[in-house]
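Please open the model in your viewer and keep the selection panel at hand. The stops below can be followed in order.

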Amino acid sequence: MKLWKTPLTSQLSEMVMAIVVVVLLATTKGVKSRKAREDLDYFEYCAMSCRAHSASLAEFGGVGDGSTSNTKAFQAAINHLSQYQSDGGAQLFVPPGKWLTGSFNLTSHFTLYLHKDAVLLASQEESEWPVIEPLPSYGRGRDTDGGRFISLIFGTNLTDVVITGDNGTIDGQGELWWQKFKKGELKYTRPYLIEIMYSENIQISNLTLINSPSWNVHPVYSSNVLVQGITILAPVTSPNTDGINPDSCTNTKIEDCYIVSGDDCIAVKSGWDQYGIAFGMPTKQLVIRRLTCISPFSAVIALGSEMSGGIQDVRAEDILAIDSESGVRIKTAVGRGGFVKDIYVRGVTMKTMKWAFWMTGNYGSHADNGYDPNALPVIQNINYHDMVAENVTMAAKLEGIPGDPFTGICISNVTITLAKKAKKLPWNCTDVAGISSGVVPQACGLLVDQGPSNVAACNFPEESLPIDNVQVQVCSYRRKHL
């Protein structure tokens with residue numbers, strides 16, 4: 001959780017935008033949408049589940065002019081299509097246009113598909129954003145005490161949901177919300193773009209998300225979640241615009257995503273202080289692959305700081321970090337409790353970083369004063385290997401907790417080229433323990449050097465997780481002619 005950042009210099013802004021343009025022009029990501037024809041009558045796409053029934057938003061009075069509210073049209077369409085939950089499911093097609101809308105709820109055995117020229121515009125009217133209870137594992141909103149505005153696309157207690165498209169766009173129009181946050185004018189916590197709760201078998205793919213009011217994608221208390229081919233863009237000074245935040249989820253895969261963010265590109269979470277401890281639902285069995293991230297003031301992958309339910313078995317590989325504060329960061333504090341363990345990261349390339357590795361045991365930021373000062377987090381079995389970094393200000397800042405050290409840290413086969421104005425001390429380590437091998441510049445003494453013959457000392461599990469066995473299939477949409 002970050003507060004509002006100091007604005008970038010114009011030089012940094014221009015550099016980031018240049019990188020965005022180059023990567024977007026050069027990259028095609030994700031599960032590719034397959035269309036038989038360029039018209040709107042029929043097309044094909046890949047999804048975990050196909051549907052027996054179809055409808056277009058236009059059939060329910062939707063108007064894609066950018067100014068007419070379509071909240072009731074979305075609600076009517078989804079309510080109508082929910083009757084097919086037990087009859088092969090249904091899909092809702094959003095055709096080309098700019099579709100202004102407030103929040104709407106999804107249903108089970110359902111697909112929401114955005115055409116490549118479809119843009120969902122989030123309403124600026126607070127009346128179109130109902131207020132819901134805070135998450136039980138957090139005890140309060142992240143911005144304010146009490147409730148939170150519901151997310152733009154929301155679902156709870158669902159099974160078999162697909163949110164996809166041909167890289168259609170969801171625009172959160174977040175500037176209004178960012179200014180309210182900055183000025184302290186929020187009555188409730190800002191909405192997210194997509195939040196799915198207490199659900200299973202979820203696919204979010206092939207979409208472009210821009211200017212979210214806060215977090216972009218938030219699966220929480222869910223299992224079997226697939227996030228693929230997502231592009232997320234927000235100004236790098238926008239507050240708390242985290243990319244993808246799996247939160248108390250089991251069996252999740254995030255791959256082929258490109259994120260420019262004002263906060264962590266991926267933040268793995270599981271609840272906040274005593275509320276997360278009591279709820280007791282960890283995030284585990286998480287795969288992150290082929291991620292490109294630009295986040296000058298935050299992490300590429302963050303574990304925490306809200307990790308009180310525990311985080312275990314995270315596997316990240318083939319990561320490109322550009323102009324970001326830190327590559328991998330573990331954030332926790334006295335009072336968090338919980339654990340972060342069995343973390344495996346390999347195949348990371350980092351370009352222009354403040355820190356390659358960062359562990360923080362004094363993050364602070366408590367839900368309230370009711371946290372238990374004796375609730376100490378357990379951080380152990382952290383494995384980083386096969387990494388290259390260039391233009392780095394400081395190799396690592398690893399700060400455990402006095403009397404509660406972070407243990408079992410392994411760093412091997414890592415080459416870090418320091419910036420011209422780098423810190424004189426490349427490694428700063430306190431209250432940590434582990435080993436290192438083949439690390440340049442040589443790691444701190446608390447990570448005992450095993451010599452060049454042990455560069456493969458750090459682990460990375462070779463067996464696959466269940467989410468890797470999930471298969472997508474070719475589905476189709478055919479417009480009804482009435």
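Predicted model: local features only at pLDDT ≥ 70, side-chain atom pairs only at ≥ 80, totals over all residues.

Residues are numbered from 1 along each chain as its sequence is written, and side-chain values use heavy atoms, with hydrogens and water left out.

Begin by selecting helix H2, residues 71-81; helices (H or I, at least four residues) and strands (E, at least two) are DSSP runs, numbered from the N terminus. Its buried residues are Thr71, Ala73, Phe74, Ala77, Ile78 and Leu81, where buried means under 20% relative accessible area, exposed over 50%, and partly exposed in between (1.4 Å probe, protein chains only). Looking down the axis of H2, you will find these buried residues within an arc of 165 degrees, so they line one face of the helix; the arc is that of the directions from the helix axis to the C-beta atoms. Turn to the other side of H2, where Lys72 and Asn79 are exposed.

Next, select the charged side chains. A salt bridge is a side-chain nitrogen of Lys or Arg within 4 Å of a carboxyl oxygen of Asp or Glu, and by this rule the count comes to 22.

Select Arg290 and Glu255, whose side chains meet in a salt bridge at 3.2 Å, N to O. The pair links distant parts of the chain, with Arg290 in strand E20 (residues 283-294) and Glu255 in strand E18 (residues 250-260), 35 residues apart. Arg290, at 37% relative accessibility, counts as partly exposed, whereas Glu255, at 7%, counts as buried.

Move on to Arg346 and Glu462, which form a salt bridge of 3.5 Å, N to O. Here Arg346 lies in strand E23 (residues 339-360) and Glu462 in the loop between E28 and E29, 116 residues apart. Salt bridges that share partners join Lys253, Glu255, Asp256, Arg289, Arg290, Glu317, Arg346, Glu462 and Asp468 into one network.

Finally, select Asp264, in the loop between E18 and strand E19 (266-268). Is Asp264 buried or exposed? At 1% relative accessibility, Asp264 counts as buried. Its side chain is joined to that of Lys331 by a polar contact of 2.9 Å, a polar contact being a pair of N or O atoms within 3.5 Å; within protein, one must be able to donate a hydrogen and the other to accept it, and residues adjacent in sequence count only if both atoms are side-chain atoms.
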